[in-house]
Amino acid sequence: MKKLLTIATLLSATGLFAQKSFTRADSLRGGLRPERTNYDVNYYHLDVDVDIAGKSIKGSVEMLFTQLVPETSQRIQIDLFRNLKITGITDANGAPLEFQREEDAVWVTRKVAMQAGEHFEVNVAYEGVPTEAKKAPWDGGFDWKKDDKGNPWVGVAVEGIGASLWWPNKDHLSDEPDSMRISLTVPKELMGVSNGNLESQEELGAKTRYNWKVSYPINNYNVSLYIGKYAHFQDTYHGSEGPYDLDYYVLDYNLDKAKEQFKQVKPMFDCYEKFLGPYPFPKDGYALVETPYLGMEHQGAIAYGNKYLNGYMGRDASFLGLKFDYIIIHETGHEYWGNSVSMKDLADMWIHEGFCTYSEALYVECMNGADTALKYSNSWKFRVANDIPIIGSYGVNNEGSGDMYYKGALMLHTLRYLVNNDELWFRTIKDIQRDFRFKTTSTDEMIRYMNGKLNKDYTAVMMQYLGKANPPILNYQVEQKGKNLELKIKWDDVSPDFAMPLGVTLKKEGHFDPLLITPEVQTITIPKMKAGDFKIDDQHAYYKVSRKKI
C-alpha cells in the first residue's frame with residue numbers, strides 16, 4: 001500500500017480548503033497554540049444562576065487541569081465571549097490571578113511555571129447578558145421563550161459558535177473533561193435540567209439549585225441547560241451492557257402526548273445496538289428534554305422540539321411515508337456520532353453529521369427492511385448542494401458545507417457498496433464505536449483507520465466526497481455499432497488515482513456487472529445490445545452524470 005499523505009496536506013496541495021478570509025479572532029478561537037496544548041482539562045464545575053426576567057446569568061466555573069509538558073511561561077488560554085464580564089479569576093487557594101482579554105480569548109497568568117504531570121485549579125467568576133439566538137439552534141445562543149401557558153421556557157444551543165458563548169472553558173473540541181458537574185439555580189416554580197444525573201437539589205428561598213453530574217467525557221458544546229415547568233417520567237432500557245434509565249422532561253400539559261410519542265425510543269435503541277453497538281453513556285442514562293427549538297444532540301439530555309409529530313415537524317422529508325420522529329432518531333444517533341466519537345476540529349464535522357445521518361438509514365433498514373432503506377438513502381441525493389467541500393478550514397473554527405449531512409451519508413452508503421461485504425462493513429462501524437469511544441478524532445485518522453479495517457485504501461474515494469465540491473462525475477457515451485453497442489466511459493473531475501467500480505449492464509440479460517472505472521477512457525464493445533437496454537446502477541452509489549464528448 002502506498003504511503004498516505006495527511007488530509008491537511010492533500011487539501012493544501014490541491015487547493016481544496018473552503019475559501020474564506022479569517023481573522024485573528026478566528027485563529028484564537030479555533031487554533032492550537034502552547035497556551036492551549038500545554039494542559040489537559042480533567043474536570044469542570046459550572047455553577048450558574050439564571051435571571052430569566054433580565055435575560056442574564058451569573059456564575060462561576062471551577063476548572064481542574066493537568067500540565068502536559070514542563071513550561072517556562074505561566075500563561076494559559078481559556079475562552080469567554082467578550083460581552084460577558086469576568087469578575088475575578090483565582091487559583092485553588094483563592095489567590096487572585098492576573099488575566100488579560102484578547103477578542104474572546106482570556107490569557108490567565110499562573111503564579112508559578114508548572115511541571116509535566118502537575119495538577120492545578122483555576123476558578124473563574126463571571127456575569128452578564130449572553131448572546132440571544134435569533135433562530136435556535138442554527139445560529140446559537142440562549143432561547144428565551146414562554147410556553148403555551150405563559151410560563152418561562154429557556155434553552156441554549158451553541159454548536160459551532162462555541163460553549164464560551166455562555167460559560168468560561170477551554171473552548172476547543174480536541175480537549176474534553178473526563179467528567180463534569182453543572183449546577184443550575186432557577187426560580188422555584190420551574191425546573192432546571194442539564195446533562196447527566198440529578199445528584200441533588202437545594203431550596204434557596206425563591207429559587208432552587210439543581211446539581212447535575214456527568215460521569216463521562218463531554219464535548220463543551222454539548223453542555224446545556226433547560227428551564228421550564230417540566231413534568232418528569234422514567235423508564236428503563238435493558239441494553240447489551242446492562243440496564244440504563246430513560247428520563248423524559250416535558251412541559252406538564254404535554255405529558256400524555258410525550259408518553260405516546262416516546263414509545264419510539266426503545267425500538268430505536270434495539271436498532272442502534274444492533275448496527276452501532278452498546279449505548280455509550282449507560283451510567284448517565286438517556287434523556288429527552290422538551291425545548292422551544294427543534295433539537296440538539298446534548299449528551300445524555302437530547303433537546304426535543306419536534307412537537308410530538310412524526311417526520312420533520314410533521315413533514316415526511318423521505319417521501320416514503322415513514323412513520324418515525326426524525327428528531328428522536330437523528331439526535332439520538334449523535335449519542336454515538338458526535339458525543340462519543342467526536343471531532344478534534346470543527347472542520348471535520350462530517351464525522352458527527354455524516355455518520356449520524358447514515359445511521360438514520362440503518363434505523364430504517366432495521367425497522368422497514370433493506371429495500372426501503374435503499375430508497376431512503378437515495379432520497380438524500382435531491383438535497384445535496386455540491387457548493388463547497390465538506391471539510392472546512394482547520395485551526396479557525398470553520399465548518400465546511402452543509403453537505404456534510406446528506407453527501408457525507410451518501411459517501412458511507414457508497415462505501416458499503418464498494419466494500420461489498422456487509423459482515424466486514426458493520427464490524428468496522430462497530431469497531432469505530434468501540435475504539436474511538438469517548439475520544440476525539442480527525443478525518444485523517446478516521447480514513448486511515450477505516451482503510452485498515454476494510455483492508456483497502458479508500459482515501460481517494462473518500463476525499464472526493466469530503467475534499468471537493470463535486471462528487472465523482474461519470475462521463476459516458478454509447479453508440480450503436482450494428483448489433484453491438486460501443487461504450488466509452490470514464491470519471492471526470494477526480495484525482496488521477498481515483499478508481500471506483502459501478503454496476504453496468506455488460507450483457508444482454510440486463511443484470512449489473514461491476515466495472516472498475518478510472519479517469520482514463522475505457523472503450524468496451526457490448527455484444528448484441530441496443531442503446532436503450534444499457535443501464536448503470538444509480539442506487540448504490542452517489543455520482544453525477546456528464547455527457548461531454550469523450
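Is Glu423 buried or exposed? Select that residue and have a look: Glu423 is exposed, with a relative accessible area of 62%. Keep in mind that you're looking at a predicted model.

**Stop one: along a helix**

Arg427 is partly exposed, at 42% relative accessible area.

**Stop two: loop to loop**

Now pick Asp493 and Lys468. Their side chains meet in a salt bridge, 2.9 Å from N to O. Asp493 is in the loop between β23 (484-492) and β24 (500-504), while Lys468 is in the loop between α12 (459-467) and β22 (473-481), so this pair ties together parts that are 25 residues apart in sequence. Check the surface here too: Asp493 is partly exposed at 35%, whereas Lys468 is buried at 18%.

Jump to Asp104 and Arg82, whose side chains make a salt bridge at 2.7 Å, N to O. You'll find Asp104 in the loop between β5 (98-102) and β6 (105-109) and Arg82 in the loop between β3 (75-79) and β4 (84-91), so the pair ties together parts 22 residues apart in sequence. Asp104 is partly exposed, with a relative accessible area of 23%.

**Last stop: a network**

Finally, select Asp431, Arg434, Asp435 and Lys453 together: salt bridges link them in a network.

How values were computed:
Residues are numbered from 1 along each chain as its sequence is written. This is a predicted model: local features need pLDDT of at least 70, side-chain atom pairs count only at pLDDT 80 or more; totals for chains, interfaces and linings use all residues. Side-chain values use heavy atoms; hydrogens and water are left out. A salt bridge is a side-chain nitrogen of Lys or Arg within 4 Å of a carboxyl oxygen of Asp or Glu. Helices (H or I, at least four residues) and strands (E, at least two) are DSSP runs, numbered from the N terminus. Buried means under 20% relative accessible area, exposed over 50%, partly exposed in between (1.4 Å probe, protein chains only).
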